[in-house]
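Subject: Structure handover

Hello,

Please find the structure below, with notes on what was found in it. The notes go from strand pairing to the pocket.

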Amino acid sequence: MVLQVKVKPNARTAALTQDAEGHWSASLTSPPLDGKANAELIALVARHFACRKADVSIRSGASARIKRIEIVERS
C-alpha cells in the first residue's frame, strides 16, 4: 500500500489523519533536522496501521513536505 502524506513538523501533538477526500496529513512534534521528523513519521504510520516500523518506508519526498510512504504487508 502506498500513501501520499502531507507532513507538518514542529506541531504541538503528533497525529495522522485522513480527510473526507482521502488525503493523509501528519502532524509531527519533531523538527525537520537530521531525519528526526522522518523517523517520527515512520513510527506514527506503523502505530496507526498496526505494523512494524521495518514494514514502513519513505519512497519519495524524504526532504519535502509531501511524502510517498510505502507499507509492506507481510503474512
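This is a predicted model: local features need pLDDT of at least 70, side-chain atom pairs count only at pLDDT 80 or more; totals for chains, interfaces and linings use all residues.

**Strands and their pairing**

Strands β1 and β3 pair in the parallel sense over four bridges; two strands count as paired if DSSP finds at least two bridges between them. Helices (H or I, at least four residues) and strands (E, at least two) are DSSP runs, numbered from the N terminus.

Residues are numbered from 1 along each chain as its sequence is written, and side-chain values use heavy atoms, with hydrogens and water left out.

Strand β1 (residues 2-8) is also joined to β5 by five bridges, and these two run antiparallel. Here Q4 stands opposite R68 in β5. Buried means under 20% relative accessible area, exposed over 50%, and partly exposed in between (1.4 Å probe, protein chains only).

Strand β5 (residues 66-71) has K67, I69 and I71 on a covered face, and I66, R68 and E70 on an uncovered one. β5 pairs with β4 as well, in the antiparallel sense and over four bridges. In that pairing S60 stands opposite R68. The hairpin of β4 and β5 has five residues between the strands, and G61 takes a positive phi near 85° in it.

**Overall fold**

The protein has one helix and five strands, which follow the pattern β-β-β-α-β-β along the sequence. Its radius of gyration is 11 Å, close to the 11 Å that the globule rule gives for 75 residues, so the protein is as compact as a globular protein of that length. The radius is taken over C-alpha atoms, and the rule is 2.2 Å times the number of residues to the power 0.38. Along the principal axes, the C-alpha trace spans about 35 × 30 × 20 Å. Of the 75 residues, 28% are buried.

**The aromatic pair**

The structure holds one aromatic pair. Its members are W24 and F49, at 5.7 Å centre to centre with 55° between the planes, which makes the pair tilted. Rings of Phe, Tyr and Trp (its six-membered ring) pair if their centres lie within 6.5 Å; planes under 30 degrees apart count as stacked, over 60 as edge-to-face and the rest as tilted. The pair links distant parts of the chain, 25 residues apart: W24 is in strand β3 (residues 24-27), and F49 is in the loop between α1 and β4 (56-60). W24 has 12% relative accessibility and so counts as buried, while F49, at 26%, counts as partly exposed.

**Single residues**

A26 is also placed in strand β3 and is buried, with a relative accessible area of 0%. Its C-alpha atom is separated by 9.5 Å from that of A11, 15 residues apart along the chain.

Two residues other than glycine have a positive phi. N10, in the loop between β1 and β2 (15-18), has a phi near 60° and is exposed, with a relative accessible area of 52%. A50, in the loop between α1 and β4, has a phi of about 55° and is exposed at 73%.

A54 is in the loop between α1 and β4 and counts as exposed at 59% relative accessibility.

**The largest pocket**

The largest pocket has a volume of about 200 Å³. Of the 15 residues that line it, the closest to its centre are P32, A37, A62, A64 and K67. On a 1 Å grid over the protein atoms alone, a pocket is an open set of points where a 1.4 Å probe fits, with protein on both sides within 12 Å along at least five of seven lines; lining residues have an atom within 4 Å of a point. Grid points are joined across faces, edges and corners, and a volume is the space filled by probe spheres set on the points.

Helix α1 (residues 36-48) gives the most to this lining, with three residues. By class, the lining has eight nonpolar, three polar and four charged residues. Ala, Val, Leu, Ile, Met, Phe, Trp, Tyr, Cys and Pro count as nonpolar, Asp, Glu, Lys and Arg as charged, and the others, Gly among them, as polar.

Regards
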